[in-house]
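Below is a short walk through some aromatic rings, the charges placed over one of them, and the surroundings of a ligand. The sequence and the structure come before the text.

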Amino acid sequence: MEKKELMWDYEIEGKDFRNAGRVSSKVKDILKELGFDPDFVRRVAIASYEAEMNVVCHADKGTLHFAILPQALQIVVKDRGPGIPDIELAMQEGYSTAPPEIREMGFGAGMGLSNMKKNADELHIVSTVGQGTVVEMVMRSPRSRQGSA
Amino acid sequence: MKRSYGIITIDEDKCQGCVNCMMSCRTEAIRIFEGKARIVTNRCIYCGKCFRDCPEHAITSRTHGLEDLKNFKYTIVIPSSTIYSQLPGEREPNRILCALKALGFDHVYEEAIGAEEASIATQEYLKGYQGPYPLISSLCPAIIRLIQIRFPHFVDQINPIDLPAEIVAKDIRKAKAKELGITQEELGIFYLVPCPAKMVAVTKTETKERSFIDGTISIADIYGELMAALREVREEEGLQKASSAGIGWAVKGGEIRELEPRRWLRGDKESIVVDGIKNAIKVLDEIENGKLRNIEFIEARACPEGCVGGALTVADRYVSRGRIRKLMLSHGSESVVDRAEVVKRFKEGYYFFEKGLKPKPFAVRLDTDPLKAVEKMKVRDEIHVSLPGLDCGACGTPNCRAFADDVVQGKAEITDCIFKWREGVKDLAQEVMQWAEKRPHSLPKRGR
Ligand SMILES: Nc1ncnc2c1ncn2[C@@H]1O[C@H](COP(=O)(O)OP(=O)(O)OP(=O)(O)O)[C@@H](O)[C@H]1O
Ligand code: SF4
Ligand code: SF4
Ligand SMILES: [Mg+2]
């Protein structure tokens with residue numbers, strides 16, 4: 001069950017490279033302030049940054065929703081954009097459709113999705129070509145990890 | 001009255017509560033309380049920036065002075081390489097060391113020799129280093145503390161090679177006591193420092209049980225005497241031995257300069273030199289966010305231009321940097337340090353911290369109950385939005401966000417904000433007016 005107090009919603013603008021990274025930085029600050037384990041915070045920061053950047057690089061507009069659940073953290077990044085025709089292919093390290101101007105800015109190595117997979121405990125992607133993409137990540141906090149191990 | 005915060009002291013008779021220090025502190029460690037500056041020590045990184053920005057010179061730091069020399073049978077001074085940049089004109093480094101010795105020390109050993117050793121040790125360490133990246137320089141203790149407090153998970157990425165001055169002290173301590181036939185307690189080793197951060201790093205060392213150094217002395221404290229002694233130097237003895245490689249550590253980039261040639265750094269990644277706390281925070285933040293990638297090594301210095309900009313130096317930092325650079329050009333790279341010997345000792349573990357650094361995260365911790373903490377956080381954000389956002393400092397906190405933090409934690413009242421206070425007064429005045437309109441029904445109505 002989600003408690004409203006433990007949820008945050010942010011908007012992400014496509015192609016706005018100046019503000020890119022702000023939303024994931026906010027997520028990071030909140031978790032740091034709440035005293036989450038530093039390594040956990042770092043994993044969340046990296047995963048949410050990659051998801052945010054994919055909206056900035058590849059889509060038109062999106063939102064990031066994150067929620068602190070009793071045993072885990074949930075991050076949902078939704079966008080309106082071209083969608084991903086072949087998710088399995090997109091997941092492969094090094095696969096990227098980023099145009100040259102985005103590559104010039106240091107993105108488009110095709111590492112984002114695999115980076116998310118590495119850092120999140122669960123990664124679900126649902127995408128409709130021509131409409132948009134939903135990326136959901138679940139990160140179990142270190143305490144619950146120990147508990148379940 | 002003087003109030004102490006570890007090695008830092010604020011002279012409250014001089015402090016005017018002007019907010020300059022509070023606004024300049026990059027870690028938001030200062031508050032103004034009842035008209036005087038106070039330091040929140042678990043936020044302070046001992047950079048000394050506030051010393052320079054206080055117009056009243058009310059903030060200082062000190063651990064030892066020349067009067068402490070008399071407690072030892074034999075005394076040695078290890079001057080920070082910044083000393084070569086501090087005296088006007090083209091003073092010969094060797095003359096400066098002779099003058100320093102004349103202040104009452106029995107011997108002088110340069111920190112720069114330790115820097116040369118540290119440099120070789122770091123090169124060796126890099127050979128086997130596999131990550132995580134970036135590796136972060138350990139030479140600025142203020143930056144180390146910033147990482148412990150604000151970027152705790154980077155603590156393991158700090159280069160575990162000891163401070164150059166500690167290396168020198170370790171090199172000479174035992175041998176010198178033996179040579180002189182005195183106990184190690186009778187031997188006093190003092191480190192002449194450019195900053196409070198190094199004072200803390202030595203006197204409250206966290207990387208070993210006990211420092212090899214007995215005390216620290218500020219360059220600024222002995223500056224006048226050193227100038228006078230310099231005029232008196234007649235005969236010079238050869239004290240200056242370090243090469244450009246070690247002296248260069250006084251300025252930003254001096255460390256990386258020795259790592260770049262011969263591919264000690266891999267070169268397929270970037271390495272960064274960053275100076276100033278604000279810039280260092282920005283770079284570390286961007287690395288943490290995943291925005292800056294592929295960085296192999298960071299040399300970060302709290303002071304602009306490097307240690308020549310330290311809070312306990314005297315000369316202008318830009319002039320000082322120029323002087324060091326000139327010395328680097330005029331001094332050869334030929335070194336008295338025996339590379340093979342350093343490599344051998346490195347393999348024996350001689351240069352490493354004895355104890356690992358620990359993270360010291362400073363989470364504001366609004367509440368121990370996470371649910372309540374989040375609630376408070378949201379209230380805090382609402383308060384923040386309701387404030388004028390001028391970051392004027394009149395409330396005694398460095399900015400509106402920090403003020404909202406203090407309010408929600410009960411450390412400040414909303415009316416400490418003069419704008420909120422004025423709103424309150426206005427509301428009150430209106431209420432008073434309404435009361436003034438009212439008349440007892442026993443009296444005739446107005447206007448008659
Ligand atoms: N939100 C999205 N909308 C549309 N396409 C996407 C989206 N996210 C990813 N893709 C597609 O998947 C590919 C791979 O994504 P991934 O994040 O792994 O790499 P990248 O974004 O191209 O490069 P990098 O993340 O290394 O900067 C992208 O090039 C793009 O074609
Ligand atoms: S020494 Fe540095 S961190 Fe400490 S209060 Fe002064 S400016 Fe802030
Ligand atoms: S840059 Fe040098 S002088 Fe400045 S705080 Fe760091 S170690 Fe001290
Ligand atoms: Mg990507």
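**Aromatic rings and a ligand shell**

A:Phe40 has a relative accessibility of 1% and therefore counts as buried. The model is a predicted one. A:Phe36, at 21% relative accessibility, counts as partly exposed, because the buried class ends under 20%.

Over all chains, a search of the whole structure gives 11 aromatic pairs. One of them joins A:Phe36 and A:Phe40: the centres are 5.7 Å apart and the planes make an angle of 25°, a stacked arrangement. In chain B, the ring centres of B:Tyr129 and B:Tyr133 are 5.6 Å apart, and their planes stand at 85°, so this pair is edge-to-face. Planes over 60 degrees apart are given that name. B:Tyr129 itself is buried, with 11% relative accessible area.

B:Tyr129 and B:Tyr133 also belong to one aromatic cluster, together with B:Tyr125, B:Phe346 and B:Phe352.

Another ring in chain B, that of B:Tyr350, has charged side chains over it. The charged end of B:Lys170 sits over this ring at 4.2 Å from its centre. B:Arg345 lies over the face of B:Tyr350 as well, at 4.5 Å from the ring centre.

Which residues surround ligand 3? The shell consists of B:Cys140, B:Pro141, B:Ala142, B:Pro194, B:Cys195, B:Lys198, B:Arg301, B:Ala302, B:Cys303, B:Cys307 and B:Gly310. By class, these residues divide into 8 nonpolar, 2 charged and 1 polar.

Notes: Residues are numbered from 1 along each chain as its sequence is written. Chains are lettered from A and ligands numbered from 1 in the order in which they are written. This is a predicted model: local features need pLDDT of at least 70, side-chain atom pairs count only at pLDDT 80 or more; totals for chains, interfaces and linings use all residues. Side-chain values use heavy atoms; hydrogens and water are left out. A residue is near a molecule or strand if one of its heavy atoms lies within 4 Å of it. Ala, Val, Leu, Ile, Met, Phe, Trp, Tyr, Cys and Pro count as nonpolar, Asp, Glu, Lys and Arg as charged, and the others, Gly among them, as polar. Rings of Phe, Tyr and Trp (its six-membered ring) pair if their centres lie within 6.5 Å; planes under 30 degrees apart count as stacked, over 60 as edge-to-face and the rest as tilted. Buried means under 20% relative accessible area, exposed over 50%, partly exposed in between (1.4 Å probe, protein chains only). A charge sits over a ring if NZ of Lys or CZ of Arg is within 6 Å of the ring centre and within 35 degrees of the ring normal.
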